[in-house]
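Please look over the protein shown here, and then read the notes on its helices and its surface that follow.

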Amino acid sequence: LLSGHLRRRTHAFETGIVAGAIQASAVAAVWAWQYGMGEFATTRFPLEDAVGALGSGALAGALLSAGMPYVERMFDVATDMRLLEWTDQNQPLLRRLALDAPGSYHHSAVVSSLAEGAAKEIGANPLLACAGGYLHDVGKIARPDYFIENLEGRPSPHANLSPTLSALILTAHTKDGVEIAEQYGVPAPIRRIIAEHHGTYVAEF
């Protein structure tokens with residue numbers, strides 16, 4: 001129950017300590033039930049069992065804490081901790097988006113905030129919405145000058161292109177985004193947001 005939403009790597013170890021303490025308490029409770037209150041003074045408490053129960057919980061927490069990053073990557077699982085890592089502004093992919101496509105980065109930060117708030121309201125995963133919002137437009141890194149938020153007053157390159165070619169370039173940022181995300185090891189649920197965030201409707205000006 002406690003490990004359902006781990007927000008820090010140390011939470012797994014702390015959860016193990018709690019589990020061990022519960023196990024040690026169970027050892028004491030079973031001992032008390034078995035011998036009764038009247039025989040406490042004459043019956044030796046199984047201290048080794050209680051310490052072993054506490055230690056096993058702590059060990060399980062330590063193993064979980066140490067092994068979780070590798071398990072997450074091996075099975076492509078997006079735990080809360082892994083999602084939190086993908087909202088870190090110093091994370092290389094977000095830094096690249098901020099440098100190569102600053103307008104798209106600002107837009108993504110706003111989308112992230114809106115999506116996180118909306119997810120909280122409807123009972124969805126706010127961390128996934130937040131991370132997906134930050135990374136949904138990473139495909140614009142491939143051709144940042146073709147998106148109006150990055151032009152900063154410069155003429156649009158679309159002025160010299162046919163509408164069909166413009167549409168192909170604009171809609172390609174979802175496919176480009178998935179490819180870039182795979183290169184950086186972005187979890188599958190976020191990659192699906194990148195791929196799907198424009199839906200299937202007709203692209204129009």
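Two parts of the structure are in contact when heavy atoms lie within 4.5 Å, and a residue is called buried under 20% relative accessible area, exposed over 50%, and partly exposed in between (1.4 Å probe, protein chains only). This is a predicted model, in which local features need pLDDT of at least 70 and side-chain atom pairs count only at pLDDT 80 or more, while totals for chains, interfaces and linings use all residues. Residues are numbered from 1 along each chain as its sequence is written, and side-chain values use heavy atoms, with hydrogens and water left out.

**Helix α5**

- Helices here are DSSP runs (H or I, at least four residues), numbered from the N terminus, and α5 covers residues 102–122.
- The buried residues of α5 are Gly-103, Ser-104, Ser-108, Ser-112 and Ala-119.
- Seen down the axis of α5, these buried residues fall within an arc of 165° (taken from the directions from the helix axis to the C-beta atoms), so they line one face of the helix.
- That buried side packs against α4 (92–100) and α6 (126–135), whereas the face turned away from it carries exposed residues, including His-106, Leu-114 and Lys-120.
- After α5 comes Gly-123, which has a positive phi, near 80°.

**Helix α8**

- In α8 (residues 188–196), the buried residues are Ala-188, Pro-189, Ile-190 and Ile-194, and they pack against α3, α6 and α7 (163–184).

**Around Val-77**

- Val-77 lies in the loop between α2 (47–75) and α3 (80–85), where Val-77 is partly exposed, with a relative accessible area of 36%.

Conventions:
Helices (H or I, at least four residues) and strands (E, at least two) are DSSP runs, numbered from the N terminus. The expected span of a helix is 1.5 Å times one less than its number of residues.
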